[in-house]
Structures are given as C-alpha cells and as structure tokens.
Amino acid sequence: MMKALILMTRVPMPGRTKTRLMKILSGEECANLHKCFLLDLFNVFEFIKEDIDIYLTYTPEESFFLMKDYIPGYIKCFPQHGKNLGEKMFNGFRYLFNKGYTKLALMGADIPDIQPDDIKKSFEVLENSDVVLGPTTDGGYYFIGMKKAYENLFEDKLKWGNKSVLEGTIDIANGLDLEIGFANKFRDIDTKEDLIAFIEEIDNKKDRLDVVPYNTINYLNNLWSDKHYVKGYSKG
C-alpha cells in the first residue's frame, strides 16, 4: 500500500511566517524559529522515510530558493495552489492521490516535538478509519489523513486558523458518514502562550523522546539567554 506524508509549510521569511509570535520576537527571529521547526521535523522523518514517502508543499512559490538547500534529498517538493488554506490542502491531497498513493496524510510544520511513532501510529489508525485527525490544544488540527480525497472536509465555511476548525471538520465527516480516527493531541506553536508552554514542557519530557527537537530548543535557549527576551517572555 503506497503511503505518503505531506508537510505543509510557508517558506521561512521575515515578516511572512509565525507572525503571531512577533509580539515577542522579531520577524527575522520568527523565520529562524520556523526553520528550526523544519529541521527538527526532517530529523523525525529520517526514521519513517523507508515506509512512508515524504513530500513538502510550500508557499510562496517564487521564494523556494531560500529553503531548498536545507531540505533533505529524499523529500520531494511541490508548490501550494489554491485561494485559501482549505483549497491548498485539498489540492495537495488530490495531486498525490493522482500519483497512485492509497494512504495520504498532511501535517503542519508547527509541531517540532512530534515523534516518529506518533506519525506511524496515525497511519495505523487510518487502516480502520476513513479520516484521521490530529487535534491541537487550541481546537484545530495539525494532521489529517485519508484514503481518498474528500473535498467537503476543506470547505470554505470552515474558519481556518480558528478554534472551530476541528469541530467543524468532524461535523462534516459525520455528515458524510465517514469513520473518524484520532492521532495524538499536540500543541502547535502559533502564539506567545504556545511558545512559553513549549519551553516549559520540553525540559520535562525531552529525556523520554526518541528524537529531541534540538534545533528549536537550542535556538530558543540562545534567545532567552538575552535579558531582552526574558522581559518579552514575562510580558503579560
């Protein structure tokens, strides 16, 4: 059975990525942090690439040259197409289903601490489900897997980036009489509060991780060693 995972990401560029973190980080620091997320995910993918083909879909298309040099050679890349996030996600699925894959999943790039087993188990859940969703703590999802492309799951009426996305997607899936499975819940790092929680939690669990997100950890440790960032961290 042909399986593939699509990593969906923006090209890390100052002012164009992780903008909600610009309350405490500069645009350049946000872009560097996003790059660290990607590098940590690439380390995770090393442990699953023999069983699952890895793709990366990116935007904006004309800026791909800024990231292509640090993407591992086994990852195949293609640009995002669509008017909104849902359309871009569906087009990614359709593109790869048309290549003959029978089990596909798409994930975001904001979960640097996800583990190889989390991804493998998500595909196992897909064996007995029509759709697999990986919930986030803010009410969205970071992972969606399918065995065929259900365009309705990416409808315009879903408020992408809003807390209602997971619930809305479940409602649509139920309306289509689809069997829904769930992957492990994670915190995606979008806001100052997410970043603070990640920093506080990662020290407690990194000894239990098979793949530690050291790029992200080390970058944040370097930032927070400066008093300026301690002040930003403590800001209400």
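View 1. Among the 33 residues of the largest nonpolar core, Leu5, Leu7, Phe42, Phe45, Met67, Met107 and Ile119 touch the most other members. A nonpolar core here is a set of buried Ala, Val, Leu, Ile, Met, Phe, Trp, Tyr and Cys residues joined through side-chain atoms within 4.5 Å; buried means under 20% relative accessible area, exposed over 50%, and partly exposed in between, with a 1.4 Å probe and protein chains only. Two or more residues come from each of strand 1, helix 1, strand 2 (53-59), strand 4 (103-108), helix 3 (116-127) and strand 6. Helix 1 gives the most to this core, with five residues. Helices (H or I, at least four residues) and strands (E, at least two) are DSSP runs, numbered from the N terminus. Please keep in mind that this is a predicted model: local features need pLDDT of at least 70, side-chain atom pairs count only at pLDDT 80 or more, and totals for chains, interfaces and linings use all residues. Residues are numbered from 1 along each chain as its sequence is written, and side-chain values use heavy atoms, with hydrogens and water left out.

**View 2. Phe45 and a second core.** Leaving aside residues up to four places away in sequence, Phe45 touches Leu5, Leu7, Ile54, Tyr74, Ile75, Met107 and Ile119, where contact means heavy atoms within 4.5 Å. A second, separate core has 29 residues, including Tyr55, Leu106, Ile170 and Ala173.

**View 3. The buried residues of helix 4.** In helix 4 (residues 165-175), look for the buried residues Val165, Leu166, Gly168, Thr169, Ile170, Ile172 and Ala173. They pack against strand 5 (131-135), strand 6 (141-146) and strand 7 (180-182). Just after helix 4, you will find Asp177 with a positive phi of about 60 degrees.

**View 4. Thr17 in its loop.** Thr17 sits in the loop between strand 1 (3-10) and helix 1 (27-45), and is buried, with a relative accessible area of 2%. Its side chain makes a polar contact with the side chain of His34 (2.4 Å). A polar contact is a pair of N or O atoms within 3.5 Å; within protein, one must be able to donate a hydrogen and the other to accept it, and residues adjacent in sequence count only if both atoms are side-chain atoms. Not counting residues up to four places away in sequence, Thr17 touches Arg10, Val11, Pro12, Cys30, Ala31 and His34.

**View 5. Ile217 in helix 6.** Ile217 belongs to helix 6 (residues 214-224) and is buried, with a relative accessible area of 4%. Ile217 touches Ile202, Lys206 and Val212, not counting residues up to four places away in sequence.
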